[in-house]
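Colleague: I would like to go through the labels on this model with you. Could you show it to me before I start asking?

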Amino acid sequence: MPILCHSNEIAERKSKGFQLGEKFLFAVKKNSRIYVYENLCPHLGIQLEWQPDEFLDIDASMIQCSSHGALFNIENGECLFGPCVGQSLIAVDFTINDGQIDITD
Ligand code: FES
């Protein structure tokens, strides 16, 4: 199973992008929990970040697409604002073993 990184490498309310083969993913930490999604905006199917590892809005309360400003709930990936309201980011299954984020998808 591919390991993304150690969960300690992602600070609270920060995000980090990854490439696994052909797939682009990102992870976010909120309230010490990790969430992993495919790096694919449901609006146009393009990558979300505005700079490397920057997937969150200005107050780090939501995931933001840099193209047209869609905002997504960190916990479940649902778009709550923007052109793809009601659609969701694709969640990626993982486990955490000894702190390592291990993708099981
Ligand atoms: S491509 Fe993400 S909001 Fe348009």
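This is a predicted model: local features need pLDDT of at least 70, side-chain atom pairs count only at pLDDT 80 or more; totals for chains, interfaces and linings use all residues.

Colleague: What makes glutamate 38 and lysine 23 a salt bridge?

Modeller: Their closest N and O atoms are 3.5 Å apart, and the cut-off is within 4 Å, so the pair counts as a salt bridge. Glutamate 38 sits in strand 4 and lysine 23 in strand 3, 15 residues apart.

Colleague: Why is glutamate 38 called buried?

Modeller: Its relative accessible area is 13%, and buried means under 20%. Lysine 23 has 41% relative accessibility; that falls between the 20% and 50% limits, so the label is partly exposed.

Colleague: How do you know that glutamate 75 forms a salt bridge with lysine 30?

Modeller: The same test applies: the closest N and O atoms are 2.9 Å apart, against a limit of 4 Å. Glutamate 75 lies in the loop between strand 6 and strand 7 and lysine 30 in strand 3, so the pair ties together parts 45 residues apart in sequence. Lysine 30, at 12% relative accessibility, counts as buried, while glutamate 75, at 37%, is partly exposed.

Colleague: Why is serine 32 called exposed?

Modeller: Exposed means over 50%, and serine 32 has 62% relative accessibility. Serine 32 lies in the loop between strand 3 and strand 4 and has a positive phi of about 70°, although it is not a glycine.

Colleague: And what makes aspartate 98 exposed?

Modeller: Its relative accessibility is 77%, where over 50% is required. Aspartate 98 is in the loop between strand 8 and strand 9, with a positive phi near 50°.

How values were computed:
Residues are numbered from 1 along each chain as its sequence is written. Side-chain values use heavy atoms; hydrogens and water are left out. A salt bridge is a side-chain nitrogen of Lys or Arg within 4 Å of a carboxyl oxygen of Asp or Glu. Helices (H or I, at least four residues) and strands (E, at least two) are DSSP runs, numbered from the N terminus. Buried means under 20% relative accessible area, exposed over 50%, partly exposed in between (1.4 Å probe, protein chains only).
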